[in-house]
Amino acid sequence: MDARRPAAGVRRTPGSRAVIEDPSAASQQAVESVLADMARAGDGDRGVVVDSPPGAGKTTLVVRAARALTESGETTMIIAQTNNQVDDLIERLAAELPDVPLGRLSAEAYTPPDGVNRLANVAVDTGIDGLGECRIVLGTAAKWARVRDHHRRWAIVDEAYQMRSDALLLVAHLFDRGLFVGDPGQLDPFTVVETARWTGLSYDPRLNAIDVLLAHNEELPTHRLPVSWRLPASAAPLVSRAFYPFTGFQAGTSEGTRRLEFTTRGLRSPLDDTLETARRAGWALHELPARHTLRTDPQAAEAAAGLAARLLTRGAVAVCERHPDGRPIGPGDIAIGVAHRDQADQIRRALAALGVPGITVDTANRLQGREFEVVVVVHPLSGRRDATAFHLEAGRLCVLTSRHRQACIVVARAGITDLLDAYPSTDPIHLNVPVKFPDGWEAHQAVLTQLTAHRVSAPD
């Protein structure tokens with residue numbers, strides 16, 4: 001299958017992206033095409049690659065693929081990148097395949113969460129020999145790299161764009177072919193080791209697993225999931241345009257299907273004005289006065305914590321296709337995303353001072369893959385004097401602005417556009433290194449252009 005070919009229920013309008021008239025049918029066809037390519041894979045085939053935008057049903061695809069392999073008599077290994085990802089997958093698989101013995105390959109220091117401990121069809125062991133009766137075995141890439149005398153025909157590699165290519169090399173001998181699933185718009189894998197010596201080489205270890213895999217296996221069938229079931233209709237067009245310029249997608253829900261409501265009237269304050277803007281538009285920019293600040297900007301931290309706390313005080317209710325009558329938003333439905341861990345610590349202290357527990361506060365790296373009703377973001381470039389490659393990285397902003405089902409509120413100091421104009425992209429160009437899209441500078445400009453229409457000016 002040509003991944004660029006429009007799926008069923010898709011029409012193209014001149015000069016525009018494809019319009020999916022039936023998102024459910026398009027998603028189903030995409031999954032069926034992936035499974036069909038897996039079923040056709042011969043002895044010389046290395047596998048199938050699937051690109052998935054935020055909230056497109058990647059986990060559902062992994063479960064469907066594992067089920068199909070099990071029903072065809074295969075014993076399958078699943079490789080994820082973190083323990084949390086493995087635990088989430090094994091709980092989902094146990095619910096979908098209650099009669100299939102599942103194995104959880106773990107480190108000696110690993111303590112299974114209560115959700116995994118309660119699963120009757122899951123065995124946990126530090127060695128592969130103790131999981132010999134399991135039809136599906138899951139573990140992190142780091143744990144699978146320690147396995148030696150073991151081989152299976154199929155592996156499913158989850159979050160493959162987060163996997164460094166050298167990590168794939170350490171486990172590639174364990175399987176003949178794989179289903180590689182991931183989100184190309186998210187954060188790239190990173191290393192603290194200097195890697196300039198490998199720049200331009202096709203096996204550069206800092207590259208993600210899929211890029212290196214395709215560089216050596218250009219014939220691999222590549223698919224994409226065309227619909228985001230997480231992002232609302234207000235967010236999908238911007239996220240698609242800014243971060244997925246060549247593999248666009250659209251929301252699975254239409255305008256008006258999701259909305260925020262408040263059970264308590266607000267005050268005439270910038271916090272309430274921002275919440276009202278987010279309620280109406282799905283986006284809001286809570287803009288503080290322009291100023292160069294420390295990375296731990298106290299006013300930005302207090303604003304982010306205050307917005308999250310005010311959301312709860314106002315009795316926010318989320319109306320959506322799952323809860324057409326509305327569901328109260330609790331602390332677990334809200335996240336605050338930042339670029340640095342010290343910023344997260346600062347906001348946690350601010351929330352504690354407000355007496356608001358239970359709200360998730362973390363960096364983009366740790367929020368990756370998670371989903372919330374409302375997300376408050378402290379812009380990575382807020383208050384900075386310069387625009388470094390770290391803060392300009394498109395994947396970081398993509399993660400922060402694509403975790404929500406209802407609304408995203410960005411807290412930032414004025415002047416970011418001027419900062420971007422003063423620091424255009426100046427990354428060096430190397431031979432044999434593909435140009436990375438989207439460019440971080442351009443992605444930030446696209447997001448700020450959208451946010452400017454939903455700006456609320458706030459004092460320090």
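## Two crossing helices

Helix H10 (residues 298–313) and helix H11 (residues 341–353) cross at roughly 55°, and their axes come within 9 Å. Helices here are DSSP runs of H or I with at least four residues, numbered from the N terminus. Axes are lines fitted to C-alpha atoms over the stretch in contact, with angles from 0 to 180 degrees between N-to-C directions.

H10 and H11 are therefore oblique to each other. Oblique covers what is left after roughly parallel (under 35 degrees), roughly antiparallel (over 145) and roughly perpendicular (65 to 115). The crossing is right-handed: the near helix is turned clockwise from the far one by less than a right angle.

## About the model

This is a predicted model, where local features need pLDDT of at least 70 and side-chain atom pairs count only at pLDDT 80 or more, while totals for chains, interfaces and linings use all residues. Residues are numbered from 1 along each chain, and side-chain values use heavy atoms, without hydrogens and water.

## One aromatic pair

The whole structure holds one aromatic pair. Rings pair if their centres lie within 6.5 Å, and planes over 60 degrees apart count as edge-to-face.

Tyr-244 is buried at 3% relative accessibility. Phe-249 is buried too, at 7%. Buried means under 20% relative accessible area (1.4 Å probe, protein chains only).

## Arginines over rings

Arg-104 lies over the face of Tyr-110, 4.0 Å from the ring centre. Arg-396 lies over the face of Phe-390, at 3.7 Å. For Arg, this needs CZ within 6 Å of the ring centre and within 35 degrees of the ring normal.

Definitions and conventions
Rings of Phe, Tyr and Trp (its six-membered ring) pair if their centres lie within 6.5 Å; planes under 30 degrees apart count as stacked, over 60 as edge-to-face and the rest as tilted. Buried means under 20% relative accessible area, exposed over 50%, partly exposed in between (1.4 Å probe, protein chains only).
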